[in-house]
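Dear colleague,

Please find below the structure that I am handing over to you. I would be grateful if you could read the notes that come after it.

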Amino acid sequence: MSELPHVRGSYWLQTAPGPSRPTLEEDLHVDVAVIGAGVAGLSAAHELARAGRQVAVLEAHRVAAGVTGHTTAKLTALHTLIYDRLRRTRGPEAARLYARSQSEAIEHAAALVDELGIECEWERRSAFTYACDAGRVDELRAEAEAAREAGLPASFVTETGLPYPVAGAVEVTDQVQFHPRKYLLALADDLVARGGQVYENTTVLGLEEDGPCRLATATGATVTARDVVVATHYPVFDRALLFTRLSPRRELVVAGTIDAGRDPGGMYITPDENTRSVRTAPHQEPGKRLLVVTGERFTPGTGDTRAGFDRLAAWAGEHFPGVALTHAWATQDNDPTDTVPLVGLLHPGARHTYVATGFGGWGMSGGMMAGRLLTALITGQDSPWRELYDPRRLLSTVREAPSFLKHQAQVARHFVGDRLRPVPPVEAVPPGEGAVVRAGGDRVAVYRDEEGRTHAVSARCTHMGCLVSFNAAERAWECPCHGSRFDTDGKVIQGPATRPLEPREV
């Protein structure tokens, strides 16, 4: 078994810290304001600047340090088992448009890497969706056929570079793995060189859509723009009710060094074993590669995260003996109820507000696609896949209603059931742990640090009022309804919440 590393945190963030950007302090007028500096927001901002628009990016934390900074950074059009489902639920043409839009986004990024001379560990590799269970072979064959029919260089194979046998796999050749931070920091630099503006630590709290759009920020500054792009991973504005069509999930990641000769030579994912994803990356130590293993998916605020890390580390050690784990972190994604991301106008009445969300774990190619699609919409151009990704598409009882109803049932169960659970007294919370307790007739989220000091905040998520739960491994309060996350003092780590948990006395 491989032990968990002493170093915690994203490898991408530690190896590409990047420069600090200013905080917005004064009112601003631009053509387009982009909320969120992840892959979707920066891709859209960069494309818009290239199209001649005056652009400002507003990031609540740091550039490419949220979900994008914690990704596994596989840039591929093979998204586990999507093509057979698309072919069955939305038809072969939808599958073809999906494959084309994702593939063109990858090649556009490749062109930017060459044009701007970006050093981001860009490597061409095959992508595989595999299974070790022979009972899933027919499913994999169908996916290979659907992906090939959609236009991808796909085939069904039984041999891979993995150090263990598989029953079968879908292989798509000529895909990409890269260092996401190095790529996006270079994109932000080029955006600024083209006259764009990038602001960090600037939380957007309000949006007015009448006439020119107006954004209110936590610093008190106001941004006026003709168009606004909401690219905050999970939308921070609820007027479109997109939260009813998005299901948040987290996955754990461990990374460490292996001998370069044991590199499996591709990007791999299986839906089995509660998901396992494997890839490697260049490493500064000669003769070594960085092994990145992802899996153990769970809903934020549920499950034993420390046990999940232990299971993932044990799996890495069993399948790649001798791996020296150096990093461990977690990532978060939003699954759309009908599989396809939501990219386009924010709601049916919107004219100048746009959204990009619901990438279902494939935000690298999806975010790049979204940047190009949003630029086309804002500059008055058409796109062949505009309708495929349109957030205003109607709920289909055939393809979406079962997932939609399941998600709403889960939210209702947490909203009501979590309030009925027994809670411990404050005295029962040990150092280094957190729990929701009852104090003064209210539910309070209490964390006790190693020195024994208590940190007490409201247990009600400021997004829609669900009760938060403590993630002991990451020392964060998490909302199981829509995925908002807060630190032990209540500060927002991840939206859709924009306001902190209120302090409480116990």
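This is a predicted model: local features need pLDDT of at least 70, side-chain atom pairs count only at pLDDT 80 or more; totals for chains, interfaces and linings use all residues.

Residues are numbered from 1 along each chain as its sequence is written, and side-chain values use heavy atoms, with hydrogens and water left out.

Cysteines

Searching the whole structure gives one disulfide, the term being a pair of cysteine sulfur atoms within 2.5 Å. The bond joins cysteine 466 to cysteine 481, with the sulfur atoms 2.1 Å apart. Cysteine 466 sits in the loop between strand 20 (454-458) and strand 21 (469-471), and cysteine 481 in the loop between strand 22 (476-478) and strand 23 (485-486), so that the pair links distant parts of the chain, 15 residues apart. Helices (H or I, at least four residues) and strands (E, at least two) are DSSP runs, numbered from the N terminus. The disulfide is left-handed, because the torsion about its S-S bond is about -95 degrees.

Buried here means under 20% relative accessible area, exposed over 50%, and partly exposed in between (1.4 Å probe, protein chains only). Cysteine 466 is buried at 3%, and cysteine 481 is buried at 1%. Cysteine 461 is likewise buried, at 4%; its closest cysteine sulfur, in cysteine 479, is 4.0 Å away, too far for a bond. Cysteine 213 is buried as well, with a relative accessible area of 1%.

Aromatic residues

The whole structure holds 11 aromatic pairs. Rings of Phe, Tyr and Trp (its six-membered ring) pair if their centres lie within 6.5 Å; planes under 30 degrees apart count as stacked, over 60 as edge-to-face and the rest as tilted. Tyrosine 98 and tyrosine 389 form a tilted pair, 6.1 Å centre to centre and with 35 degrees between the planes. Tyrosine 98 lies in helix 4 (residues 92-116) and tyrosine 389 in helix 9 (residues 386-389), so the pair ties together parts 291 residues apart in sequence. Tyrosine 98 is buried at 2% relative accessibility, and tyrosine 389 is buried at 0%.

Tryptophan 122 and phenylalanine 178 make an edge-to-face pair, because their planes are at 70 degrees, with the ring centres 5.7 Å apart. Tryptophan 122 is partly exposed at 22%, whereas phenylalanine 178 is buried at 1%.

One aromatic cluster is formed by Phe128, Tyr130, Tyr164, Tyr268 and Trp315. Of these, tyrosine 268 belongs to strand 12 (residues 266-270) and is buried at 1% relative accessibility. Beyond its neighbours within four places in sequence, the contacts of tyrosine 268 include Lys74, Thr160, Gly161 and Leu162, where contact means heavy atoms within 4.5 Å.

Helix contact

The axes of helix 3 (residues 82-89) and helix 5 (residues 137-149) come within 7 Å and cross at roughly 70 degrees. Axes are lines fitted to C-alpha atoms, for helices over the stretch in contact, and angles run from 0 to 180 degrees between N-to-C directions. Helix 3 is therefore roughly perpendicular to helix 5, a term for angles of 65 to 115 degrees. Helix 3 contributes Ile82, Tyr83, Asp84 and Arg87 to the contact, and residues of helix 5 including Ala142, Glu143 and Glu149 take part.

Yours sincerely,

Definitions and conventions
Angles under 35 degrees count as roughly parallel, over 145 as roughly antiparallel, 65 to 115 as roughly perpendicular and the rest as oblique.
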